[in-house]
Amino acid sequence: MSAKPDVTGIYDSRTGSIQYVVACPETRKCAIIDPVLDFDEKSASTATLNADKILALVVERGYEVEWILDTHPHADHFSAASYLKEKTGAPIAIGEKVRDVQKLWNGFYNRPNAPADGSQWDRLFADGDEFSVGNIPARVMFSPGHTLASITYVIGDAAFVHDTLFMPDSGTARADFPGGCARQLWKSIQEILALPDETRLFTGHDYQPDGREPRWESTVAEQKAKNIHISVHKTEEAYVAAREARDRTLPMPKLILYALQINTNAGRLPEPEDNGVRYLNVPMNLFPNAKWD
């Protein structure tokens, strides 16, 4: 745990997402984690503002991109993984359980012939897999619950916990998406909190409770002591009951039906049709009992 990567978070206010550039100070090699491809649902337009900001930072600091990593197929933003691969040549990776998510959502989108083998990525990580960022050792923890495929990247003394834990004043992630499970989420959280107390934890979203400035870094010790869900609901049964009750009050993310068809394809947009236009396929009434805003 002595290796300490340099971590830079880039906040996207449109989606509340945090993107990370994680660098080895010695070699200047870096990994990009959970990059955002900009999408405006009103005009159905995409842009690369966030991804280009990441690329500019990489150039400014003299980094070499070694990995482009997603923690899971996101429901609230498009992944810029494929765009960044085109620009840098770095391999893209995600957890191996993405294949289960592909199968599930290909059914929802009526895409029986769409690939569901994870071949869109260069590497599929399994629980316990090891790799490196420069000279810094890294490993993968399977962290299901928020999604079927969620993983945590532990890079030196830093763990990138995606949507499992938010900042302590925001609690924990929802578990009511297709394939989600509050009980699995509890177990994943306990595994993360079993890391050394000084481990730096970097979350995937911040929604600025009470209008405070965006924050995304905590420690295992802080989460155990102050997380408003974990520190109050201290048993599995209490947590699961509270998590499921809260989830029943939440509307679906506004981009979920757009994002999953992109993110189960590694961030690649649909191919243009014969008129040169790309089309998104949005299934209607897939969530008939979802709470409306």
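Contact means heavy atoms within 4.5 Å. Helices (H or I, at least four residues) and strands (E, at least two) are DSSP runs, numbered from the N terminus.

## Basis of the model

This is a predicted model, in which local features need pLDDT of at least 70 and side-chain atom pairs count only at pLDDT 80 or more, while totals for chains, interfaces and linings use all residues. Residues are numbered from 1 along each chain as its sequence is written, and side-chain values use heavy atoms, with hydrogens and water left out.

The buried residues are Ile256, Leu257, Ala259, Leu260, Gln261, Ile262 and Asn263. They pack against strand 7 (78-79) and helix 3.

In helix 2 (residues 81-88), the buried residues are Ala81, Ser82, Tyr83 and Leu84. Their cover includes strand 3, helix 1 (49-61), strand 6 (64-69), strand 7 and strand 8 (92-95). Gly89 follows helix 2 and has a positive phi, near 80°.

Seven of the seven residues of strand 2 (residues 17-23) are buried, so strand 2 is largely enclosed by the rest of the structure. In a regular strand the side chains alternate between the two faces of the sheet. In strand 2, Ser17, Gln19, Val21 and Ala23 point one way, and Ile18, Tyr20 and Val22 point the other way.

Two strands pair if DSSP finds at least two bridges between them. Strand 2 pairs with strand 1 (residues 6-12) in the antiparallel sense over seven bridges, and Val21 of strand 2 is the bridge partner of Thr8. These strands form a hairpin with four residues between them, and Gly16 in the turn has a positive phi of about 70°. Strand 2 also pairs with strand 3 (residues 29-33), again in the antiparallel sense, over four bridges. Here the bridge partner of Ala23 is Cys30 in strand 3. Five residues lie between the two strands of this hairpin, and Arg28 in the turn has a positive phi of about 65°.

An open sheet of six strands has the order 10-11-12-13-14-15, with mixed pairing. Its edge strands, each pairing on one side only, are strand 10 (130-133) and strand 15 (217-219). From one strand to the next, the twist averages 30°. Strand 10 pairs with strand 11 (residues 136-142) in the antiparallel sense over four bridges, and Arg139 in strand 11 is the bridge partner of Glu130.

Helix 4 (residues 182-193) packs on this sheet, touching strand 11, strand 12 (151-155), strand 13 (158-162) and strand 14 (200-203). The direction of helix 4 makes about 155° with that of strand 11. Axes are lines fitted to C-alpha atoms, for helices over the stretch in contact, and angles run from 0 to 180 degrees between N-to-C directions.

## Helix 4 against helix 6

The axes of helix 4 and helix 6 (residues 236-247) come within 9 Å and cross at roughly 125°. That makes helix 4 oblique to helix 6; angles under 35 degrees count as roughly parallel, over 145 as roughly antiparallel, 65 to 115 as roughly perpendicular and the rest as oblique. The crossing is right-handed, a term for the near helix being turned clockwise from the far one by less than a right angle, with anticlockwise giving left-handed.

Helix 4 contributes Ala182, Arg183, Leu185, Trp186, Lys187 and Ile189 to the contact, and helix 6 contributes Glu236, Glu237, Tyr239, Val240, Arg243 and Glu244. These residues divide into six nonpolar, no polar and six charged. In this scheme, Ala, Val, Leu, Ile, Met, Phe, Trp, Tyr, Cys and Pro count as nonpolar, Asp, Glu, Lys and Arg as charged, and the others, Gly among them, as polar.

## Loop residues

Asp34 is found in the loop between strand 3 and strand 4 (36-40). Its phi is near 55°, a positive value in a residue other than glycine, and at 5% relative accessibility Asp34 counts as buried. Ala44, in the loop between strand 4 and strand 5 (45-47), has a positive phi of about 55° although it is not a glycine. At 53% relative accessibility, Ala44 counts as exposed.

Pro112 lies in the loop between helix 3 (98-108) and strand 9 (123-125) and, at 71% relative accessibility, counts as exposed. Pro112 and Gly276 are 164 residues apart in sequence and 24 Å apart in space, C-alpha to C-alpha.

Technical notes:
Buried < 20%, exposed > 50% of the residue type's maximum accessible area, 1.4 Å probe, protein only.
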